[in-house]
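Okay, thanks for making time, everyone. I'd like to walk through the cross-links and the ring contacts in this one, so let me put it up on the screen.

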Amino acid sequence: MKKVAAAPAAIVLALAGVVATSAPASAAAPALVTCTGTTTVDFSPGVTNTPQTVSVSGQDTADVCLSLTHPQLTSFIGPFSGTASQSCTSLFAGGSGTETLYWNDGTSSAWSYTNSFSNVNGTKVGTSTGPLTSGTLAGATVTQTITFANLDLTACTTPQGLTSLSGLDTWTITHL
């Protein structure tokens, strides 16, 4: 299943992380591109408290991307789909997959990710990481964080189940 990871409601991008500096080798790699946006996820049939195989589809949308090294990359969309065994009691247990990011400048980047999720005070937080395997910035590493704040799972007890979710994202693309 596609990860669903996002960011806190108020996101501040620090450009200092985007600027390449001469730091010691043990320091974290500077960001090539940082983005904020949203993730939407649709389930069919809707997810209930009973585990079942569902079709999962949606889209990652990075509305604002900043980069000093690649200023032409200002946004992207990343549609995704697949199937997964889901229930509301084990929603987003983690997994892996691939996704293509379609940049605003007409180029694309394919990435292969692994994700995991945690619950923090009623908020589902996910992190997906992996390499860009081809296209723009191939060889760089992507980290996506998704936050589904105040997740209301009351739909899980209805006949139609939980049919959609949306959350906030942050994306950081760095060198390997």
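**Disulfides and rings**

Let's start with the link of Cys 88 and Cys 156, which is left-handed, with -85 degrees about the S-S bond. Before I go on, the caveats: this is a predicted model, local features need pLDDT of at least 70, side-chain atom pairs count only at pLDDT 80 or more, and totals for chains, interfaces and linings use all residues. Residues are numbered from 1 along each chain as its sequence is written, and side-chain values use heavy atoms, with hydrogens and water left out.

Back to that link. The sulfur atoms of Cys 88 and Cys 156 are 1.8 Å apart, and that makes a disulfide (a pair of cysteine sulfur atoms within 2.5 Å). It connects distant parts of the chain, 68 residues apart: Cys 88 is in the loop between strand 3 (76-86) and strand 4 (95-103), while Cys 156 is in the loop between strand 7 (141-148) and strand 8 (162-174). Strands here are DSSP runs of E, at least two residues, numbered from the N terminus. Cys 88 and Cys 156 are both buried, meaning under 20% relative accessible area with a 1.4 Å probe, protein chains only.

How many disulfides does the rule give? Two. The other one joins Cys 35 to Cys 65, with S to S at 2.2 Å. Its torsion about the S-S bond is about 110 degrees, so this disulfide is right-handed. Cys 35 sits in strand 1 (residues 31-47) and Cys 65 in strand 2 (residues 52-66), so the pair ties together parts that are 30 residues apart in sequence. Cys 35 and Cys 65 are buried too. If you number the bonded cysteines in sequence order, the pairing reads 1-2, 3-4.

Now the rings. There are four aromatic pairs in the structure; the rule takes rings of Phe, Tyr and Trp (its six-membered ring) with centres within 6.5 Å, and planes under 30 degrees apart are stacked, over 60 edge-to-face, the rest tilted. One of them is Phe 76 with Trp 103: the centres are 5.0 Å apart and the planes at 70 degrees, so we call it edge-to-face. Phe 76 is in strand 3 and Trp 103 in strand 4, so that pair ties together parts 27 residues apart in sequence. Both Phe 76 and Trp 103 are buried.

Then there's Trp 111 and Tyr 113, with centres 5.1 Å apart and planes at 45 degrees, so that pair is tilted. Trp 111 is buried, and so is Tyr 113.

Terms used
Helix = DSSP H or I, 4+ residues; strand = E, 2+ residues; numbered from the N terminus. Buried < 20%, exposed > 50% of the residue type's maximum accessible area, 1.4 Å probe, protein only.
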